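Here's a quick briefing to read with the model open. Take a look at the structure first, then run through the points below.

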2 protein chains.
Amino acid sequence: MARPSRKNMDADTPSARDQLLDATGALMTEQRTIDISLAEIAERSGLNSALVKYYFGSKNGLLVALLRKVLGPRMAELEPLVHAPMAPNEKLRIHINGVVNTYFKYPYVNRLMHYLMTEAGQEYGKIIAEEFARPLVDTQSAILKEGQSKGLFLETDPLMFYFHLVGACDYLFFGRATLDHVFGVQEVTQDLKRRYVDHIYQTLTKGLAPA
Amino acid sequence: MARPSRKNMDADTPSARDQLLDATGALMTEQRTIDISLAEIAERSGLNSALVKYYFGSKNGLLVALLRKVLGPRMAELEPLVHAPMAPNEKLRIHINGVVNTYFKYPYVNRLMHYLMTEAGQEYGKIIAEEFARPLVDTQSAILKEGQSKGLFLETDPLMFYFHLVGACDYLFFGRATLDHVFGVQEVTQDLKRRYVDHIYQTLTKGLAPA
């Protein structure tokens with residue numbers, strides 16, 4: 001395990017913190033697992049693993065901070081989308097595209113969220129729900145409401161809509177084994193991703209349209 | 001991995017094998033986690049944990065056997081459904097209901113499948129894909145094809161359909177924290193489950209109907 005160098009010790013606090021987060025995300029992407037040890041993170045970042053406790057309190061604290069770092073910019077786009085001057089079905093298309101693109105760009109995000117939601121203890125479940133699920137639900141509810149008022153969508157329970165949409169987007173990035181063995185597809189390409197967004201968008205907007 | 005043949009086991013102590021599986025499923029249901037130790041399984045079943053290695057080769061082997069045991073009867077219903085004398089949209093409704101009911105009845109099944117698909121090694125990913133995903137894909141493809149030939153559904157890529165449908169069904173049972181903190185719902189009740197199946201069915205059949 002690498003000791004912190006003099007340079008790292010003198011470096012600004014944010015950059016050592018970011019180095020730990022970036023090392024964790026890179027290892028999860030390369031190794032296709034969220035099961036990364038503190039020793040691996042220390043080696044990759046060139047920092048002492050004790051800094052994880054210093055900056056994040058615990059390994060789970062580091063995982064939450066990683067989600068905040070990679071998802072934060074995406075979450076900040078939600079509110080402007082709701083108020084953008086465009087039709088609600090177009091907002092929905094952009095939203096679906098954003099969710100799928102996030103899973104595509106950060107392939108560890110869904111497993112990390114599942115782990116923190118189900119295995120890491122109730123306080124982490126609450127963080128994931130409040131910080132990452134609630135803004136999505138609020139965005140979707142606003143788009144649905146606007147679509148209903150404009151006669152584009154039937155009245156739809158935001159709960160049903162949330163689990164349906166996010167579950168569908170999420171699952172494409174969970175089933176590498178199924179993609180490979182059942183469909184002969186080695187990975188989610190840009191083209192497959194684009195066609196999936198289109199399928200979800202078309203099915204939902206048509207499925208939710210008034211008769 | 002070396003495993004005693006099924007015949008030998010049945011002749012030997014079939015009930016010990018089942019006791020280990022039942023104890024594992026019960027512990028996962030009660031503790032709401034798939035992170036159960038061999039010691040806990042041994043204590044709950046009243047059997048020596050070394051029997052896990054004897055019957056299943058490894059803990060992952062035990063987990064696969066548990067999935068086979070609880071999902072086997074559901075998988076056996078797929079083929080008869082395809083050939084049942086009823087309209088394809090009715091077959092689809094029954095299929096969606098079956099998937100959601102399975103997750104409802106065995107709340108550890110989706111996490112167990114995710115774990116075996118993504119974290120347990122490629123040989124387990126292949127087993128999950130071949131034994132549990134492929135039969136679903138084949139069933140859905142046959143129902144879609146029949147629906148297309150009868151003018152009920154547009155031509156739809158079975159890959160898109162599989163990840164959309166199963167992802168949507170799966171996700172309702174992953175988000176207890178979101179259900180609770182965002183929607184104020186403590187658990188998936190029979191009523192919520194019924195409404196969710198209806199929502200997925202209505203949205204998909206309308207969304208896939210020819211214009």
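Helix α10 of chain B, residues 158–171, has 14 residues and spans 19 Å from first C-alpha to last, close to the 20 Å expected at 1.5 Å a residue. That expected span is 1.5 Å times one less than the number of residues. This is a predicted model, where local features need pLDDT of at least 70, side-chain atom pairs count only at pLDDT 80 or more, and totals for chains, interfaces and linings use all residues. Residues are numbered from 1 along each chain as its sequence is written, chains are lettered from A and ligands numbered from 1 in written order, and side-chain values use heavy atoms, leaving out hydrogens and water.

**Around α10(B)**
- B:D157 caps the N-terminal end of α10(B), with a side-chain oxygen 2.9 Å from the backbone nitrogen of B:L159.

**Helix packing in chain A**
- Helices α9 (residues 122–149) and α10 (residues 158–171) of chain A pack at about 115°, axes 10 Å apart.
- That makes α9(A) roughly perpendicular (65 to 115 degrees) to α10(A).
- Residues meeting across this pair (heavy atoms within 4.5 Å) include A:L136 and A:L144 in α9(A), and A:F161 and A:Y162 in α10(A).

**Chain A overall**
- Chain A has 12 helices (DSSP runs of H or I, at least four residues) and 0 strands (E, at least two).
- Its C-alpha atoms fill a box of roughly 65 × 40 × 30 Å along the principal axes.
- Buried residues make up 51% of the 211 residues in chain A.

Conventions: Polar contact = N/O pair within 3.5 Å; in protein donor to acceptor, adjacent residues only side chain to side chain. Axes fitted to C-alpha atoms, helices over the stretch in contact; angles between N-to-C directions. Parallel < 35°, antiparallel > 145°, perpendicular 65-115°, else oblique. Buried < 20%, exposed > 50% of the residue type's maximum accessible area, 1.4 Å probe, protein only.
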